[in-house]
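I opened this notebook to keep track of what I looked up, entry by entry.

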Amino acid sequence: MKGTTPVAPLMFEHRLIGRVISLMAKEAKRVEAGGPPNSVFVDNVVDFIRVFADRYHHVKEEDILFGEARKKALPAELAQVADELVQDHRRQRAVVQELSDANAELARGNKAIVPTMIEAMKTFVEFYTRHMEREDRQFFPPVMTFFSEVEKQAMLEKELAIDRILMPERFAVMVESMEDSWWD
Ligand SMILES: [Fe+2]
Ligand SMILES: [Fe+2]
């Protein structure tokens, strides 16, 4: 996605991740109400988060935007927000691992793991929604004020270079099919 600033594509990616998070919230609610767990759905979610959110979106954030921001004399509070956002990325990996482990355990026939799965999904939904809101509101707008137009354009170009390799459009198709397959 082309945008005029390097945060425009990142915010666009948040919306796609947000759609998967909505599905996770519905799935957690459905299983919590006694519905049978859907391992295929969980596998797809884990794969989407690992590839799209972690290997693609977080890499763009950490290697490009956060990396360039560190070279600026950011006020202490904003530098701390940046550090906490990077810590969130690590925590996110741990929660997704928990969900993936629980799903593998379920595949081995251990039904007692279902509450752990529900909990991991609920934790992810709550925590990652907050993470994206924080980036959208508390980090992206203030950090952009530290960059010149030329610097912003250079960051955007780097993001687009990653896009040309990874072709993120296919993830939107993946999310659409997840939405179509699992719910009304
Ligand atoms: Fe992030
Ligand atoms: Fe983000």
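This is a predicted model: local features need pLDDT of at least 70, side-chain atom pairs count only at pLDDT 80 or more; totals for chains, interfaces and linings use all residues.

Residues are numbered from 1 along each chain as its sequence is written, and chains are lettered from A and ligands numbered from 1 in the order in which they are written.

Entry on the helix pair. I looked up helix 1 (residues 7-32) and helix 4 (residues 114-144), whose axes come within 9 Å and cross at roughly 160°; helices here are DSSP runs of H or I with at least four residues, numbered from the N terminus, and axes are lines fitted to C-alpha atoms over the stretch in contact, with angles from 0 to 180 degrees between N-to-C directions. Helix 1 is therefore roughly antiparallel to helix 4 (an angle over 145 degrees).

Entry on the core. I found that the largest nonpolar core has 25 residues, and that Met121 and Phe124 are among those with the most contacts inside it; such a core is a set of buried Ala, Val, Leu, Ile, Met, Phe, Trp, Tyr and Cys residues joined through C-beta atoms within 7 Å, buried meaning 20 or more other C-beta atoms within 10 Å of a residue's own, with C-beta atoms placed from the backbone.

Entry on Ile165. I located Ile165 in helix 5 (residues 149-166), and Ile165 counts as exposed because it has 8 C-beta neighbours inside 10 Å (the limit is 12 or fewer).

Technical notes: Helices (H or I, at least four residues) and strands (E, at least two) are DSSP runs, numbered from the N terminus. Angles under 35 degrees count as roughly parallel, over 145 as roughly antiparallel, 65 to 115 as roughly perpendicular and the rest as oblique.
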